[in-house]
Amino acid sequence: MSDKEAALDAVRGLVDAINEGHNTSGLAALTEDVVIIDDIPPFRWSGQEGAELWFRRLAMTRKRLNASVALHDADVRIAQERAYGVAPGTLEGNSGQGAFQLGGLLSSTLVEQDGKWLVDGLVWSNHR
């Protein structure tokens, strides 16, 4: 497996953990000093403690909306032990107003530590 595929697999594994509510495996996919930018207040989350709270808030939202994210093809760039990826995605769910589908972009930075790619930056941006 190429470095690009391995980095992308790390991001996909994180998204799978989010979708399935596997917070422990999701946290294991992140660095200790991860920074997450998302549309869930307070919008910026950092470190493992912040990421754990973000996962809990995502779980509540996911359950309420029966929501999940699907990633599409990604552009991944590698420079030594660092990676940058941008993947279009779709957030799907069901609100009180019916089913919804929102397109967005998941941007991430990763670092390779001990032969494993870990996410150290994650940004979800949706366009309406």
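## Strand 7 and its partners

In this predicted model, Gly104 has Asn126 of strand 7 as its bridge partner. Strand 6 covers residues 98-113. It is joined to strand 7 by 10 bridges, and the two strands run antiparallel. The hairpin of strand 6 and strand 7 has two residues between the strands.

Strand 7, residues 116-126, also pairs with strand 1, residues 30-37. Here the strands run parallel, and four bridges join them. What is the bridge partner of Ile37 in strand 7? The partner is Val123.

## Backbone turns to look for

Asp114 sits in the loop between strand 6 and strand 7. Its phi is near 50°, a positive value in a residue other than glycine. Is Asp114 buried or exposed? Asp114 has 86% relative accessibility, so Asp114 counts as exposed.

Gln80 lies in the loop between strand 4 (75-79) and strand 5. The phi of Gln80 is near 55°, again positive in a residue other than glycine. At 68% relative accessibility, Gln80 is exposed.

Now look at the prolines. The peptide bond from Pro41 to Pro42 is cis. Its omega is near 10°. Pro42 is placed in the loop between strand 1 and strand 2 (44-46).

## Two salt bridges

Side chains of opposite charge can pair when their charged atoms come close. How many salt bridges does a search of the whole structure find? The search finds two.

One joins Asp120 and Arg82. Their closest N and O atoms are 2.8 Å apart. This pair links distant parts of the chain. Asp120 is in strand 7, Arg82 is in strand 5 (residues 82-95), and the two are 38 residues apart. Asp120 has a relative accessible area of 14%, so Asp120 is buried. Arg82 is partly exposed, at 36%.

The other salt bridge joins Arg77 and Asp75. The closest N and O atoms in this pair are 3.1 Å apart. Arg77 has 53% relative accessibility. The cut-off for exposed is over 50%, so Arg77 counts as exposed. Asp75 has a relative accessible area of 36%, so Asp75 is partly exposed.

Thr90 lies in strand 5. Is Thr90 buried or exposed? Thr90 has a relative accessible area of 13%. Buried means under 20%, so Thr90 is buried.

Which side chain makes a polar contact with the side chain of Thr90? The side chain of His72 does, at 2.8 Å. Leaving out residues up to four places away in sequence, Thr90 touches Ser68, Val69, Ala70, His72, Gln101, Leu102 and Trp124.

## The largest pocket

Rolling a probe the size of a water molecule over the atoms shows where empty space is left. The largest pocket holds about 560 Å³ of space. It is lined by 25 residues. Those closest to its centre are Asp39, Leu58, Val69, Leu91 and Trp124. Val69 and Trp124 are also among the residues that Thr90 touches.

Which element gives the largest share of the lining? Helix 3 does, with five residues. Helix 3 spans 47-65. Helix 1 (3-20), strand 1, helix 3, strand 3 (68-71), strand 6 and strand 7 each supply at least two residues of this lining.

## The largest cavity

How many cavities of 30 Å³ or more does a search of the whole structure find? The search finds one. About 50 Å³ of space lies in the largest cavity.

The cavity is lined by Ala7, Leu8, Val11, Leu71, Ala74, Val76, Gly85, Val86, Ala87, Ser108 and Leu110. Helix 1, strand 5 and strand 6 are the elements that give two or more residues to this lining. Helix 1 and strand 6 also supply residues to the lining of the largest pocket.

How values were computed:
Residues numbered from 1 in each chain as written. Predicted model: local features only at pLDDT ≥ 70, side-chain atom pairs only at ≥ 80, totals over all residues. Heavy atoms only, no water. Pairing = 2+ DSSP bridges. Salt bridge = Lys/Arg side-chain N within 4 Å of Asp/Glu carboxyl O. Buried < 20%, exposed > 50% of the residue type's maximum accessible area, 1.4 Å probe, protein only. Polar contact = N/O pair within 3.5 Å; in protein donor to acceptor, adjacent residues only side chain to side chain. Contact = heavy atoms within 4.5 Å. 1 Å grid on protein atoms, 1.4 Å probe; cavity = no way out; pocket = protein on both sides within 12 Å on 5 of 7 lines; lining within 4 Å. Points joined across faces, edges and corners; volume = space filled by probe spheres on them.
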